[in-house]
Amino acid sequence: MCLSTVYIDSGTGKEEVMRDVAEMEAEGKGFFLVNLFGERRFVKGRIKSVDFVDEHTVVMEGEERAQG
Amino acid sequence: MVEGIEGMKISICGKGGSGKSTLVTLLASQAQARNLRVLVVDSDESNSGLFRMLGFENPPLPLMELVGGKRKLREKMYRSILSEEQIFTGGIPSQNIQRGNGLMLVSIGKILQSLEGCACPMGALSREFLKKLRLAENEIALIDMEAGVEHFGRGVDESIDDVLLTVEPSFESIAVAERIKSLAAGIKKSVWAVLNKIDSENMVSKLESELTSRGIEVIGFVPNDGAVFEACLEGRALGQGKAFDSAGKVLDFLLSKRNTSFA
């Protein structure tokens, strides 16, 4: 599945933020995420890892999740 | 006449060319004949002629267009019924569904351009649409899956009730059936096989033996039917004949599995 699942790792384990993410756009201290169905969310933090092949995941580390 | 059918979602899977769309069409016609409302979900991103087989003049606008279309996915993603928690057949926008005589058709999307990229967004859309789809009493959904097994990897089959396999007389078709049986078992779905392109009782016996040894129950077969061949060749609706009759037994089996009563 080429669409990604974005997780945030705040140091106590990974928490799923959004599935079927089609777009990530850097903005200030975080990223806007948009999924296939038009949901849009802002997440503070920086990208820790991206898996393009197996699980199609983006793991972000950083601050508390915020909605945008 | 059938009474009190609880809505059910049946996916029709199998090797490319094994007869998935033909079986979907025949089952849909049989369901119509029993006064059931049938939603056919075209989840095959390659073949585009299902609407003709079902007797519609035009295909519905693909559901992919509700999220902006694959090519414009990055430019605009819309909120639509696909953003809702539940989807009812009556709530699907008219341009995205073809209706006629109790038969409904929706299409997830088609790959139309070279270098368009992969079909993953369509897989995600199929998965979410089927998960959110709520069927009323006496409504059934028949999902014409893409060929092969990738839809299992995409989770498209998670929310369907049962898997129906089409198996043609070829080793490769049996091998794909065995793989699907294994994948479906992993998500706890029942799997039954329908043999297609059958010429003789001997062929039925051989295929049944091969499938049974792989733990796959055969619930019916569709004989070679010249009328079906000609209709498919000419791109027109399948009529009634021996293939249509044979699909009736398959539908009866599926309905009986839902604890239905027949009058």
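Val194(B) stands opposite Gly220(B), a residue of strand β11(B). The model is a predicted one, in which local features need pLDDT of at least 70, side-chain atom pairs count only at pLDDT 80 or more, and totals for chains, interfaces and linings use all residues. Residues are numbered from 1 along each chain as its sequence is written, while chains are lettered from A and ligands numbered from 1 in the order in which they are written.

Strand β10 (residues 190-198) of chain B is joined to β11(B) by six bridges, and the two run parallel. Strands here are DSSP runs of E with at least two residues, helices are runs of H or I with at least four residues, and both are numbered from the N terminus. Two strands pair if DSSP finds at least two bridges between them. In chain B, eight strands form an open sheet with mixed pairing, in the order β5-β6-β3-β8-β2-β9-β10-β11. At its edges stand β5 (98-100) and β11 (217-223) of chain B, each with a single partner strand, so one side of each is left without a neighbour in the sheet. From one strand to the next, the twist averages 20 degrees.

Helices lie across this sheet. Helix α1 (residues 20-33) of chain B lies across β2 (8-14), β3 (37-43), β6 (103-107), β8 (139-145), β9 (162-167), β10 and β11 of chain B, and runs at about 170 degrees to β8(B). Angles run from 0 to 180 degrees between N-to-C directions, and axes are lines fitted to C-alpha atoms, for helices over the stretch in contact. Helix α6 (residues 201-212) of chain B lies across β9, β10 and β11 of chain B, at about 155 degrees to β10(B).

Two packed helices are described by the angle between their axes and the distance between the axes. For α1(B) and helix α8 (residues 242-256) of chain B, the angle is about 75 degrees and the axes are 8 Å apart. The two helices α1(B) and α8(B) are therefore roughly perpendicular to each other, a term for angles of 65 to 115 degrees. On the α1(B) side, residues making the contact include Leu23(B), Leu26(B) and Leu27(B), and on the α8(B) side they include Ala243(B), Phe244(B) and Leu251(B). Two residues are in contact if their C-beta atoms, placed from the backbone, lie within 7 Å.

Ala243(B) is also touched by Val228(B), as are Thr22(B) and Leu238(B), not counting residues up to four places away in sequence. Val228(B) lies in helix α7 (residues 226-234) of chain B. Val228(B) is buried, because 24 other C-beta atoms lie within 10 Å; the cut-off for buried is 20 or more, with C-beta atoms placed from the backbone.

Chain A has an open sheet of six strands, in the order β4-β3-β2-β1-β6-β5 and with mixed pairing. Its edges are β4 (40-44) and β5 (46-51) of chain A, each with a single partner strand, so one side of each is left without a neighbour in the sheet. The twist averages 45 degrees from one strand to the next.

Five bridges join β5(A) to strand β6 (residues 57-61) of chain A, and these strands run antiparallel. Arg46(A) has Glu61(A) as its bridge partner in β6(A), and Val50(A) stands opposite Val58(A). The two strands form a hairpin with five residues between them, and His56(A) in the turn has a positive phi of about 50 degrees.

Conventions: Buried ≥ 20, exposed ≤ 12 C-beta atoms within 10 Å, placed from the backbone. Parallel < 35°, antiparallel > 145°, perpendicular 65-115°, else oblique.
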